[in-house]
Amino acid sequence: MVALLVTGLVAAGAARAAGMSGVRPLLLALAPVLPSAGVAVSYGRHADPMHELAASTPSGGLRLLLTRTASVLAVSVPLLTLAGQLLPAAAGAPAAPAWLLPGLALTLAALALASYVGCRIATCAVTGGWLLAVGGPALLAGPGESGRPSLADALSASLATVLSGPAAQSCWAAAAAVCAGLLALRRTSFDHLERM
């Protein structure tokens, strides 16, 4: 919670004080994967010294993971949304709440993948895939030289493609539903997964 609060306040303060319009696209690029990163550091033997005891109880396994996920989401969603609202608008960037549905889908994707490979690896894979999907086109566009868009503008355009509009949001809703279904099918794997 403290890390999210500091990140949001520093981003909002820097954007307001320096008039940096490129901060909002950067926050929108990171916001969908921050909740799953919070889940990865809150579950498993690497994060909880009592993990073996907790995992062996009837409320362990997927139930414990979902409880910790709900706790992380309850903290990160309001803070990141508020930080996005406080940042100055960037040309072509999606609205601040546009990350919510993709954030849910990516968190569910990380949880579903965690049933196979563990939370940390799943979170790294989902985060890396997301950053490549939105950051790759922005980096290929390159910084603003000879009429090319700046990196912030290229990132805004890339984010607008994957976050804005009913079609994109419908795809994220469908992806969230598929990942939730896969997670439900794989629920028993969390009872015996040692590498989490």
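Me: Which residues line the largest cavity?
Reply: This is a predicted model, with local features kept at pLDDT of at least 70, side-chain atom pairs at 80 or more, and totals for chains, interfaces and linings over all residues. Numbering runs from 1 along each chain, and side-chain values use heavy atoms, without hydrogens or water. A cavity is a set of 1 Å grid points, over protein atoms alone, where a 1.4 Å probe fits but cannot get out; lining residues have an atom within 4 Å of a point. The lining is S36, V39, A40, T107, A110, L111, A114, C119 and T123.

Me: What is the volume of the largest cavity?
Reply: The structure holds one cavity of 30 Å³ or more. Its volume, the space filled by probe spheres set on the points, is about 40 Å³.

Me: Which helix gives the most to the lining of the largest cavity?
Reply: Helices are DSSP runs (H or I, at least four residues), numbered from the N terminus. α3 (34-40), α6 (100-117) and α7 each supply at least two lining residues. With four residues, the top contributor is α6.

Me: What is the angle between the planes of W130 and W172?
Reply: The structure holds one aromatic pair (Phe, Tyr or six-membered Trp ring centres within 6.5 Å). W130 and W172 form this pair, 5.7 Å centre to centre. It is edge-to-face (planes over 60 degrees apart), at 65°.

Me: How many residues apart are W130 and W172?
Reply: The pair links distant parts of the chain. W130 lies in helix α7 (residues 119-141) and W172 in helix α9 (residues 166-185). The separation is 42 residues.

Me: Is W130 buried or exposed?
Reply: Buried means under 20% relative accessible area (1.4 Å probe, protein chains only), exposed over 50%. W130 has 4% relative accessibility, so it counts as buried.

Key
Rings of Phe, Tyr and Trp (its six-membered ring) pair if their centres lie within 6.5 Å; planes under 30 degrees apart count as stacked, over 60 as edge-to-face and the rest as tilted. On a 1 Å grid over the protein atoms alone, a cavity is a set of points where a 1.4 Å probe fits but cannot get out, and a pocket is an open set with protein on both sides within 12 Å along at least five of seven lines; lining residues have an atom within 4 Å of a point.
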